Amino acid sequence: MLALLDDECLRPGVATDETLLNKLNQRCLRHAHFESRASRQLLSDHTLSRDQFRLVHYAGKVTYDVVGFLDKNRDLLFKDLSQAMFACERPLLKELFAEGDPERQTLKRPQTAGHQFRTSVSQLMKNLLSKNPNYIRCIKPNDLKEARNFEEPLVRHQVRYLGLMENVRVRRAGFAYRQVY
């Protein structure tokens with residue numbers, strides 16, 4: 001979806017939020033976690049307006065309004081901010097916002113917010129894949145450390161506190177998966 005958003009922002013011609021929604025409908029309408037009024041099942045769903053789509057996340061359904069998507073993704077504020085910071089007299093700010101230098105203008109496409117997000121997620125995944133995670137959850141059956149003594153309220157409290165029931169619910173819904181490290 002982020003790639004479609006970037007393509008729509010950077011393509012020549014007139015790109016609008018409606019053309020973005022049309023492109024999302026063309027590419028994602030058959031996906032089980034994508035809902036839009038373009039779907040026959042949702043034509044009469046009045047909780048979803050014509051300029052919205054809905055994604056089914058592990059936490060529930062989230063509705064997105066496409067109005068302003070392209071403008072927000074272009075992130076022109078960052079460009080203006082970096083130019084303003086580079087124009088100030090502090091050497092540290094000039095160094096931090098070097099891309100604001102008007103003499104360093106490039107012909108490269110400007111980075112979108114979606115591209116910055118994908119880059120950040122990619123770096124995070126690279127970092128995570130370089131690690132060896134281990135998750136061990138210990139549940140004490142009783143406070144007395146006695147064998148064959150099971151205190152259900154204590155165990156129930158620990159299971160809730162550790163979020164194990166939510167973990168099971170998410171896995172049963174089919175959203176979570178184990179990734180091999």
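Predicted model: local features only at pLDDT ≥ 70, side-chain atom pairs only at ≥ 80, totals over all residues.
**Stop 1: the aromatic cluster**

Begin by selecting Phe-34, Phe-53, Tyr-64 and Phe-69, which form one aromatic cluster. Searching the whole structure gives 3 aromatic pairs. Two of the pairs are visited here, both with Phe-53 as a partner.

Keep Phe-53 and Tyr-64 on screen. Their rings are stacked, with 5.4 Å from centre to centre and 20° between the planes. Colouring by secondary structure places Phe-53 in strand E2 (residues 52-57) and Tyr-64 in strand E3 (residues 60-65), so this pair ties together parts that are 11 residues apart in sequence.

Now show the surface. Are Phe-53 and Tyr-64 buried or partly exposed? Phe-53 is buried, because its relative accessible area of 2% is under the 20% cut-off. Tyr-64 has 27% relative accessibility and therefore counts as partly exposed.

How are the rings of Phe-53 and Phe-69 arranged? They are edge-to-face, at 6.0 Å centre to centre and with 80° between the planes. Phe-69 belongs to helix H3 (residues 69-74) and Phe-53 to strand E2, so here the pair ties together parts that are 16 residues apart in sequence.

**Stop 2: a lysine over a ring**

Select Phe-86 and Lys-94. What lies over the face of Phe-86? The residue there is Lys-94, at 4.7 Å from the ring centre.

**Stop 3: a loop arginine**

Move to Arg-90, in the loop that runs between helix H4 (76-87) and helix H5 (91-96). Arg-90 counts as exposed because its relative accessibility is 61%, over the 50% cut-off. To set a scale for the view, draw a C-alpha to C-alpha distance from Arg-90 to Tyr-135: the two are 46 Å apart in space and 45 residues apart in sequence.

**Stop 4**

Which helix holds Leu-162? It lies in helix H7, which covers residues 152-162. Leu-162 has 34% relative accessibility, so the residue counts as partly exposed.

Key:
Residues numbered from 1 in each chain as written. Heavy atoms only, no water. Helix = DSSP H or I, 4+ residues; strand = E, 2+ residues; numbered from the N terminus. Buried < 20%, exposed > 50% of the residue type's maximum accessible area, 1.4 Å probe, protein only. Phe/Tyr/Trp six-rings, centres within 6.5 Å; stacked < 30°, edge-to-face > 60°. Lys NZ or Arg CZ within 6 Å of the ring centre and 35° of its normal.
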